[in-house]
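I am opening a notebook on a structure that is new to me.

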Amino acid sequence: GYGDKPEKEIIYIENLGQEEKINVTGFTLESIRGTRLAIPAAYAIPDLYSGRADDPVVLKPGGGKVVVTIGKHPKNTDFQTNLCTGYFNESYKFEPALSNRCPRTKTSELPLNISDRCIDVINSTPSCRLPDYSQIFPINDEDCRSFLTKHFNYAGCVADNRNRTDFLGNDWYVWLGRPEEILRDNRETIILRDREGREVDRYSY
């Protein structure tokens, strides 16, 4: 409520329990003025399917959280973080920023047809960033270009790493898409209610 735009109104819901997961899809956030907004479903792995987001937002025990923004976001996708979502930072700004710790391919694991110059390009590319194709020399090094195109982007990162046990992150990002502010700047109380309307928690400031 301290910003002048709904995109600045951000609420964090965290599961501090140590044993049970909590599905918060369908939970509502209620303002002191009585406005209620429901937490939607999202994509557990974003940007791979064009269908409707229908994965429940399940908070892992021990600190799993959802970042709920009252306003809209240009990406227009609610999602769970994973080892590769840092690639989204290249095109969009997130609050808080997504982790830029995407898995990196070890030099020793690269195919033998990858040239030394291509290895230099790989090693100089920051984590979760697209490579600078202008650095490929010679420019007709198709083995290098093909390898970078296949692996050094979000889709390639997901294909390479989605079977890892640590692939999915602890955080979810959802946007409620409201065009106007909902929360007061002062003397506000936010109530979290479950799907039956029972109060789960409240926060006042």
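Which strands each supply at least two residues of the lining of the largest pocket? I looked this up with the reminder that the model is a predicted one, and I found that strand E1 (10-14), strand E9 (189-193) and strand E10 (199-204) each do so. E1 gives the most to that lining, with five residues. For the pocket itself I noted a volume of about 550 Å³. Of the 25 residues that line the pocket, those closest to its centre are Ile11, Tyr12, Ile13, Asp201 and Tyr203.

**Entry on the chain as a whole.** I then stepped back to the overall build, and I recorded three helices and 10 strands. Read along the sequence, the pattern is β-β-β-β-β-β-β-α-α-α-β-β-β. The C-alpha trace spans about 65 × 40 × 30 Å along its principal axes, and buried residues make up 44% of the 205 residues. I also looked up how far apart in sequence the contact partners are: among contacts between residues at least 6 apart, 68% join residues at least 24 apart.

**Entry on surface and charge.** The chain has 27 positive and 31 negative charges, and their mean positions are 3 Å apart.

Rolling a probe the size of a water molecule over the atoms shows where empty space is left. A search of the whole structure finds one cavity of 30 Å³ or more, and about 50 Å³ of space lies in the largest cavity. Among the residues that line this cavity I listed Ile11, Leu29, Ser31, Leu37, Ile182, Leu183 and Ile190.

Ser31 has its place in the loop between strand E3 (28-30) and strand E4 (36-38).

**Entry on the backbone.** Most residues other than glycine have a negative phi, and most peptide bonds are trans. With that in mind, I looked for departures from the pattern.

A cis peptide bond joins Glu95 and Pro96, with omega about -5 degrees, and Pro96 lies in the loop between strand E7 (79-82) and helix H1 (116-124). A cis peptide bond also joins Phe137 and Pro138, again with omega about -5 degrees, and Pro138 is found in the loop between H1 and helix H2 (142-151).

Turning to phi, I noted a positive value near 60 degrees for Asn76, which lies in the loop between strand E6 (65-69) and E7. Cys128, in the loop between H1 and H2, has a positive phi as well, near 65 degrees.

Notes:
Residues numbered from 1 in each chain as written. Predicted model: local features only at pLDDT ≥ 70, side-chain atom pairs only at ≥ 80, totals over all residues. Heavy atoms only, no water. Helix = DSSP H or I, 4+ residues; strand = E, 2+ residues; numbered from the N terminus. Buried < 20%, exposed > 50% of the residue type's maximum accessible area, 1.4 Å probe, protein only. Contact = heavy atoms within 4.5 Å. Lys, Arg positive; Asp, Glu negative; His and termini not counted. Charge placed at Lys NZ, Arg CZ, Asp CG, Glu CD. 1 Å grid on protein atoms, 1.4 Å probe; cavity = no way out; pocket = protein on both sides within 12 Å on 5 of 7 lines; lining within 4 Å. Points joined across faces, edges and corners; volume = space filled by probe spheres on them.
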